[in-house]
Amino acid sequence: MSDYALDLVVPCYNEEDVLPQTVPVMLTHLRSLAADPELNLNRFRILLVNDGSVDGTWPVIEALARENPEVVGVRLSRNFGHQNALLAGLHEVTADVCVSMDCDLQDDIGVIKSMLLVYQRGTDLALGVRNDRSSDSSGKRRTANAYYRLLSLMGVRIIENHADFRMMSRRALAALLEHSEVNLFLRGLIPTLGFSVTLIPYKRMSRTLGETKYTLRKMIRLAIDGVTSFSIAPLRAVAILGTCVFALSTGAGLYFLMERLLNPQSVTPGWASTVLPLLFLGGVQILSIGVLGEYIGKIYMEVKRRPRFIIQERTKDG
Ligand code: UDP
Ligand code: MG
């Protein structure tokens with residue numbers, strides 16, 4: 001295999017305390033990979049994407065880029081969210097192969113070598129898969145499992161325990177970048193690309209520096225995007241529910257009508273039988289409208305075709 005270049009894409013949001021510690025580790029590691037005789041890696045860059053941080057992340061990135069020719073900073077004009085920041089970084093890739101990872105080094109940087117070996121064998125995608133989630137709280141583990149079950153129920157193919165730590169060849173990346181959807185859920189798109197894929201198990205550390213930028217709200221948002229960007233099962237479920245309720249109420253209506261005709265002196269049902277179905281139906285309707293709204297909202301966002309990220313500046317050109 002001939003020599004190739006690597007771009008490491010790293011989204012950063014409010015990581016001023018983290019970057020000065022992790023970027024030197026990345027640099028040292030990548031330099032050792034470039035010197036590794038097993039690998040044909042001859043050049044690399046670290047693309048740090050500042051996702052509209054409100055702390056001193058950008059000056060930190062500028063300083064790192066000044067001191068290290070391999071570091072390139074890309075500054076987004078505001079916070080676009082992790083997925084879009086990652087996408088912005090992927091658009092900047094010029095190398096033959098790219099690896100995306102978080103800036104906190106929770107993902108095992110040692111795995112990059114295995115990913116490059118996989119690339120050298122001609123495989124287009126290598127996905128880091130966590131082999132144990134012991135660094136997560138039991139609550140997070142349980143919700144993750146429930147979520148994977150829900151996704152598979154909806155017919156969404158997803159690789160379990162794979163986040164956004166992955167290697168992509170230039171052609172796999174080009175295929176990914178063809179997707180122009182605004183509601184981006186990268187890890188759901190990857191299995192739809194095809195190509196040869198290798199899963200690489202690794203152990204994910206807990207975050208030792210800084211704190212998680214994924215608030216509960218962002219996580220729920222990503223989870224809903226994951227379902228609704230890949231499946232219309234919730235719409236079908238609501239339609240089926242509506243049909244069942246309609247059939248049941250028609251049956252019950254007929255039953256009570258017959259009862260009234262055949263047995264005129266029967267007692268009229270009490271308030272529970274009036275109020276409960278009303279509440280139940282009200283609930284079903286609001287839920288259904290909510291689900292419809294979620295999809296209409298998605299269509300609305302898609303048709304507007306707004307840019308998914310806006311680059312304000314770069315530390316170096318090209
Ligand atoms: N991140 C980002 N934009 C955001 C939130 C997070 O670019 O709006 C970055 C963050 O700086 C980190 C990566 O995305 O490099 C993953 O975030 P984090 O480590 O907080 O998530 P966790 O590992 O807890 O899931
Ligand atoms: Mg993290």
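Predicted model: local features only at pLDDT ≥ 70, side-chain atom pairs only at ≥ 80, totals over all residues.
**Entry: domains**
I began with how the protein chain is divided. Domain 1 takes in 4-211 plus 307-314, and domain 2 runs over 232-304. I then looked up how far apart they sit: the centres of domain 1 and domain 2, taken over C-alpha atoms, are separated by 45 Å.

How many residues of domain 1 are in contact with domain 2? I got five from domain 1, in contact with four residues of domain 2. Sorted by class, the side of domain 1 that touches domain 2 shows two nonpolar residues, two polar ones and one charged.

**Entry: annotated spans**
Next I checked the UniProt record. Its unreviewed entry puts the annotation "transmembrane region" on residues 222-255 and 275-296. I wanted to see what the model does there. Residues 222-255 come out as 88% helix and 0% strand, with their end C-alpha atoms 46 Å apart. Residues 275-296 are 100% helix and 0% strand, and there the end C-alpha atoms lie 31 Å apart.

**Entry: ligand 1**
Last, I turned to the ligand. Which residues come nearest to ligand 1? There are 16 residues around ligand 1, and I noted Pro-11, Tyr-13, Asp-51, Thr-212 and Lys-213 as the nearest of them. Two elements give two or more residues to this shell: strand S1 (4-12) and helix H3 (82-91).

Methods:
Residues numbered from 1 in each chain as written. Chains lettered and ligands numbered in written order. Near = placed C-beta within 6 Å. Helix = DSSP H or I, 4+ residues; strand = E, 2+ residues; numbered from the N terminus. UniProt positions renumbered as here; feature names shortened; annotations may be inferred. Domains from an automatic or database assignment. Contact = placed C-beta atoms within 7 Å. Nonpolar A, V, L, I, M, F, W, Y, C, P; charged D, E, K, R; others polar.
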